[in-house]
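Take a look at the model below.

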Amino acid sequence: MRVRSEEASMLSRELDILMSERQTLLEVVGAAAALIASLDSRALPPTAVRSADLVATTINALSDETLRDALAAVRAEIEDDDGEREGERVVSH
């Protein structure tokens, strides 16, 4: 019985670590989404445009739920061209 208790404790600690890492990753993604959405690609050097496009493509591959979680993690409010909040996709190509 002691072995099961130790295993459960180890699994619980590992789950806590994973959840903490997920939260950090959500914050990074949310911040990156906010940054990319605010960029004017016409004002960027070509190498920066390629990097921004890579980040945008990766962010847009996320599920809507994960993207919402990421934006909520940084409390970002992204606005589209009409001044309305964009809830599903942050960056268009």
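Which residues of α1 are buried? They are Leu-26, Gly-30, Ala-33 and Ile-36. Buried means under 20% relative accessible area, exposed over 50%, and partly exposed in between, with a 1.4 Å probe and protein chains only. The cover over these buried residues includes α2 (46-60) and α3.

This is a predicted model, where local features need pLDDT of at least 70, side-chain atom pairs count only at pLDDT 80 or more, and totals for chains, interfaces and linings use all residues. Residues are numbered from 1 along each chain as its sequence is written, and side-chain values use heavy atoms, with hydrogens and water left out.

Now the overall layout. The protein has 3 helices and 0 strands. From the N terminus the order is α-α-α. Helices (H or I, at least four residues) and strands (E, at least two) are DSSP runs, numbered from the N terminus. Of the 93 residues, 17% are buried. The accessible surface is about 7100 Å², and carbon and sulfur atoms hold 54% of that. Such areas come from the Shrake-Rupley method with a 1.4 Å probe; for residues, only the protein chains shown count as cover.

Next, the length of α1. Its 37 residues should span 54 Å at 1.5 Å a residue, and its end C-alpha atoms are 54 Å apart, so the two values agree. The expected span is 1.5 Å times one less than the number of residues.

How do α1 and α3 pack? Helix α1 (residues 2-38) and helix α3 (residues 64-73) pack at about 85 degrees, with axes 7 Å apart. Axes are lines fitted to C-alpha atoms, for helices over the stretch in contact, and angles run from 0 to 180 degrees between N-to-C directions. The pair is therefore roughly perpendicular; that label covers 65 to 115 degrees, with under 35 roughly parallel, over 145 roughly antiparallel and the rest oblique.

In this contact (heavy atoms within 4.5 Å), the α1 side includes Arg-22, Leu-26 and Gly-30, and the α3 side includes Thr-66, Ala-70 and Leu-71. By class, the α1 contact with α3 has 6 nonpolar, 3 polar and 3 charged residues. Nonpolar means Ala, Val, Leu, Ile, Met, Phe, Trp, Tyr, Cys and Pro; charged means Asp, Glu, Lys and Arg; the others, Gly among them, are polar.

Finally, two residues. Leu-71 sits in α3 and is buried, at 9% relative accessible area. Leu-71 and Glu-27 are 44 residues apart in sequence, yet 7.5 Å apart C-alpha to C-alpha. Ala-31 lies in α1 and is partly exposed, at 42% relative accessibility.
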